Every structure is written in C-alpha cells, then in structure tokens.
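Please look over the sequence and the model shown here before reading the briefing. The points that follow are grouped by topic.

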Amino acid sequence: MPDLRQIFLCHAWDDRQGVAKQLCDMLVARNVSVWFSENDIGLGEPFLRAIDKGLAKSRIGIVLVTPSMLKRLPTGGVADKELSVLLQRDQIVPIMHNTTYDALREVSPMLASRNGLDTAEMPMADVAAKLAELVAVPVAA
C-alpha cells in the first residue's frame, strides 16, 4: 500500500510544535514511519480528508495524552474524531505525558483501559525506543 505508515500520531493542536514534534522526530530517527499532521498535510489540502487518509494508511495509532489533549477531547474537535477512529483498532497506545491515567479515565475511560507508556516512568527517548520495537514486530496475518 503506497504511503503506508507504521504509526499515526494523534495529539492536541497545542502540542504540535512541542512534545508531539519531539516524539515524532525521535521516532523518525529510529526509522519509524510516522503520520504527523505537521509534516503530512500540505498547504491547501483539505484538513479532515488528509487526516482520514492518514488514519487509513497507518498500521497503529498512538495518542499523546497531555493536559492539552485532556482539555481538547471533550470539545469534540479533530483529536476527538481521530481518537474515535483509533479506538476501533486492535492496537492503540496511549502515551501519558505530564498527566495521569486517572485524569485520562475521567475524559476517556476506553483509552485509559489500554496499556500504554508514561514519560513520568521513562524518558521520551525510551518511549520512542519502545514504540520502534513495537512496530518492528511483523503484523500477524
């Protein structure tokens, strides 16, 4: 499938030039192909349609859960739409950053039920390394 990506990075708009970009860059440095809106939506391209195509062409989803994400999800914006699609998949990994699973559980119990990684327990570089290991494992047919 052309343009297939290993990971779709779901993040809050407020995090796009900070921690989301940092995580994306760390993954790319580990030869992981990442669909990241900042890199993959061209000028003049329909925003939601580009995201829809990115979701369709990504093997797994990761959700960068930050205080900004927790504020945005209840508003029904783009991140909420992405999360709705990702929750239907077998493999979605929450990445907790500067927040807790308890806080996430109040906003999205379904996402909080997924096993994930937490930057309070390991540095972001180690999170990226774990994700790179995950996508290096072949998909079962």
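How many bridges join strand 1 to strand 3, and in which sense do the two strands run? Five bridges join strand 1 to strand 3, and the two run parallel, where two strands count as paired if DSSP finds at least two bridges between them. The model is a predicted one, in which local features need pLDDT of at least 70 and side-chain atom pairs count only at pLDDT 80 or more, while totals for chains, interfaces and linings use all residues. Residues are numbered from 1 along each chain as its sequence is written, and side-chain values use heavy atoms, with hydrogens and water left out. Helices (H or I, at least four residues) and strands (E, at least two) are DSSP runs, numbered from the N terminus.

**Strand pairing and burial**

- Strand 4 is in turn joined by two bridges to strand 5 (residues 117-118), the two running parallel, and Met-96 stands opposite Asp-118 in strand 5.
- Seven of the eight residues of strand 3 are buried, so strand 3 is largely enclosed by the rest of the structure; buried here means under 20% relative accessible area, exposed means over 50%, and partly exposed lies in between (1.4 Å probe, protein chains only).
- For strand 4 (residues 92-96), five of the five residues are buried, so this strand too is largely enclosed by the rest of the structure.
- Ile-92, Pro-94 and Met-96 point one way from strand 4, whereas Val-93 and Ile-95 point the other way, and all are buried.

**Aromatic pairs**

- A search of the whole structure finds two aromatic pairs, with rings of Phe, Tyr and Trp (its six-membered ring) pairing if their centres lie within 6.5 Å, and with planes under 30 degrees apart counted as stacked, over 60 as edge-to-face and the rest as tilted.
- The pair of Phe-8 and Trp-35 is stacked, because the ring centres are 4.9 Å apart and the planes are at 5°.
- Phe-8 lies in strand 1 (residues 5-10) and Trp-35 in strand 2 (residues 34-35), so this pair ties together parts that are 27 residues apart in sequence.
- Both partners are enclosed, Phe-8 being buried with a relative accessible area of 0%, and Trp-35 counting as buried at 6% relative accessibility.
- Trp-13 and Phe-47 form an edge-to-face aromatic pair, with 6.4 Å centre to centre and 75° between the planes.
- This second pair links distant parts of the chain, with Trp-13 in the loop between strand 1 and helix 1 (19-29) and Phe-47 in helix 3 (residues 47-56), 34 residues apart.
- Trp-13 counts as partly exposed at 41% relative accessibility, and Phe-47 is partly exposed with a relative accessible area of 34%.

**Charged groups**

- The charged end of Arg-16 sits over the ring of Trp-13, 3.8 Å from its centre, a description that requires NZ of Lys or CZ of Arg within 6 Å of the ring centre and within 35 degrees of the ring normal.
- A search of the whole structure finds six salt bridges, each being a side-chain nitrogen of Lys or Arg within 4 Å of a carboxyl oxygen of Asp or Glu.
- Among them, Arg-16 forms a salt bridge with Glu-38, the closest N and O atoms being 3.6 Å apart.
- Arg-16 lies in the loop between strand 1 and helix 1 and Glu-38 in helix 2 (residues 37-40), so the pair ties together parts that are 22 residues apart in sequence.
- Arg-16 counts as buried at 19% relative accessibility, whereas Glu-38 counts as partly exposed at 33%.
- Asp-14 forms a salt bridge with Arg-72, with the closest N and O atoms 2.8 Å apart.
- That pair links distant parts of the chain, Asp-14 being in the loop between strand 1 and helix 1 and Arg-72 in helix 4 (residues 67-72), 58 residues apart.
- Asp-52 forms a salt bridge with Arg-49, the closest N and O atoms being 2.6 Å apart, and, being three residues apart in helix 3, the two are separated by about one helical turn.
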